[in-house]
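User: Hi! Could you walk me through some charged pairs and a helix in this model?

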Amino acid sequence: AVGRAGPGRAGPGVPRPSPAAAHAQSPGAAVRGGGSMAQRVLPLPRQQSFCPPTVPNPFVHPGRLSARDKLRTVLQGIILLPLRAICIAFLLLIAWLFASIATFRHPGKGSVPLKGWRRRMIQTTLSCLTRTLFFVMGFQVKIKGKIASLREAPIFVAAPHSSFFDAIICAPPGMPSIVSRAENLSTPVFGTILSSLQPVSVSRQDPDSRKNTVTEITKRALSRGQWPQILIFPEGTCTNRSCLITFKQGAFVPQVPVQPVLLRYPNKLDTVTWTWQGYSLKELCVMTLCQLFTRVEVEFLPVHVPTEEEKNDPILFANRVRQTMAIALNVPVTDHTFEDCRLMISAGQLTLPMEAGLVEFTKISKKLNLKWNHVRKQLDTFAAIASASKGGRIGIEEFAEYLKLPISDVLKELFLLFDRNGDGTIDFREYVIGLSILCNPANTEETIRMAFKLFDMDEDGTITEDEFASIIQSALGVPELDVSMLFKEIDADETGKLSYDEFKHFALKHPEYAKLFTTYLELQRYQLDMLEEDDIESSEVKHSPVRKTTIPVSETTPIARNKVCPESNEEDNSSTSDKKDD
């Protein structure tokens, strides 16, 4: 078998990894079902840009209340909850009244900016009411930094976005416009208040909504004071504040100065974080209203004026602003985005752990040129493979079962190609990267045609099951192997023979086999190289006058040869003395 040698001698298959391979796979990494795995035979330098993120899942908030916290919350809530609920309802009605007056008979319905007394009413009354509302709910707000004027920065960018309570940012700068779903405008009471802020509405039913939103933000940012300032949460979704995820480009396309705004909730008991996994909106509202007070810090950083380079590249502009904010917050940045949340939901629907769907979509899509729909289809395949395992990961047993092949050295090599962190399992992120940079490039017309010629031993243009089994047994180094299930899956027309079209169609749908084939070829070449090195060493030992009498020459074992790795020697069973003479 490939990669094995007899005891006490250095055979041609002994793994001799390069430093890059040693770095890629730590010694003794265990692979489930395959025992303790040695270092990789073939070198594989890992790209640092594909390293796992420092924060694996920013969309989960697993914290739960202790028994003591629950008891204190209940006791405080008996008094605080009803009183605060009444005050909140009263303040919302007052805010609705002023919002109705400010928008009464206003032409344009959001397409024309509020001016004069209408805008002053919103800026003064609603700002004051918002402060009062959060005070009644128990929030102790601490403001840091200088708030930029409309001419200094038409856009505020706030992060991290972790709660619906982040709306507290609106009060200090005088109720700027926000980006909101169009459906929110039709909500009773709250919809009227929201309309008075003249938000940039986003419709999920409109396929051009994203483009129209960016156009509207740009128009308002360049209006020279006709529209109020705009508050944008560039992350686009809520996180647990452990990092800053990818910033959307909408706030940075207008090429105008922006003021970064930081949010912190320095509380011992966190009752505000609203993520995709954790407390629901109702639970957070009730728990927060039952606390004596909740601290929040809002810090306005210096205005970021874009350079000419940043004006021409919104992504660069967004990344530099994000980096500035991350340094101030002392948190890392990751390439997660809202599309990762969609994959999380899909993973949950496929009975996988929700976090299994996280791939850092921004990085994966950019570097591998993948669309969300394509990654979503790969999630279906991954779920089918990992369904038998727990934890949403693929072990070598599941990997072998999916390929309908036994665990062999060639299969272990392929498995380690996918297993980027060497933990003995393949997660969905590693699976997507492996398919894109390992399997798909190997699955070329040339490779498929070469493999077909290898299997077609009698060169009649078709592959029988015996031919198929013979080559598979030789490649995997197993004496007996039942390949009937795999053969039937490829044999679409059930003729008992595989045509080139059937072979190619199956290979294109399952690129893992192409990489398995090329890995087999690489191992064969590696064996030949090691054999040649041993022959040279043996020859040097023989002709050395010092070593000739002290050190015996090790015999080398010839390896099996076939059409893929032919030998120039006419006879395969050459004796050791013949090899020494050569």
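Analyst: Happy to. A salt bridge here is a side-chain nitrogen of Lys or Arg within 4 Å of a carboxyl oxygen of Asp or Glu. Please keep in mind that this is a predicted model.

User: What is the N to O distance between the side chains of Glu297 and Arg264?

Analyst: Side chains of opposite charge can pair when their charged atoms come close. The cut-off for a salt bridge is 4 Å. Glu297 and Arg264 meet in such a bridge, with an N to O distance of 3.9 Å.

User: Is Glu297 buried or exposed?

Analyst: Buried means under 20% relative accessible area. Glu297 has 17% relative accessibility, so Glu297 counts as buried.

User: Which helices does the salt bridge between Glu310 and Arg320 tie together?

Analyst: The side chains of Glu310 and Arg320 meet at 3.1 Å, N to O. Glu310 lies in helix H7 (residues 308-312) and Arg320 in helix H8 (residues 314-329), so the bridge ties together parts 10 residues apart in sequence: H7 and H8.

User: What is the relative accessible area of Lys363?

Analyst: Lys363 and Glu360 form a salt bridge of 3.5 Å, N to O. Glu360 is buried at 3% relative accessibility. Lys363 is buried too, with a relative accessible area of 14%.

User: Turning to helix H2, where does H2 bend?

Analyst: Helix H2 covers residues 67-103. The bend is about 55 degrees, and its position is Gly77.

User: Which helices do the buried residues of H2 pack against?

Analyst: Buried residues in H2 include Gly77, Leu80, Ile88 and Leu91. The buried residues of H2 pack against helix H3 (117-136), helix H4 (190-196) and helix H6 (281-289).

User: Which residue just after H2 takes a positive phi?

Analyst: The phi there is about 55 degrees, and the residue is Arg105.

Technical notes. Residues are numbered from 1 along each chain as its sequence is written. This is a predicted model: local features need pLDDT of at least 70, side-chain atom pairs count only at pLDDT 80 or more; totals for chains, interfaces and linings use all residues. Side-chain values use heavy atoms; hydrogens and water are left out. Buried means under 20% relative accessible area, exposed over 50%, partly exposed in between (1.4 Å probe, protein chains only). Helices (H or I, at least four residues) and strands (E, at least two) are DSSP runs, numbered from the N terminus. The bend at a residue is the angle between axes fitted to the seven residues ending there and the seven starting there. Contact means heavy atoms within 4.5 Å.
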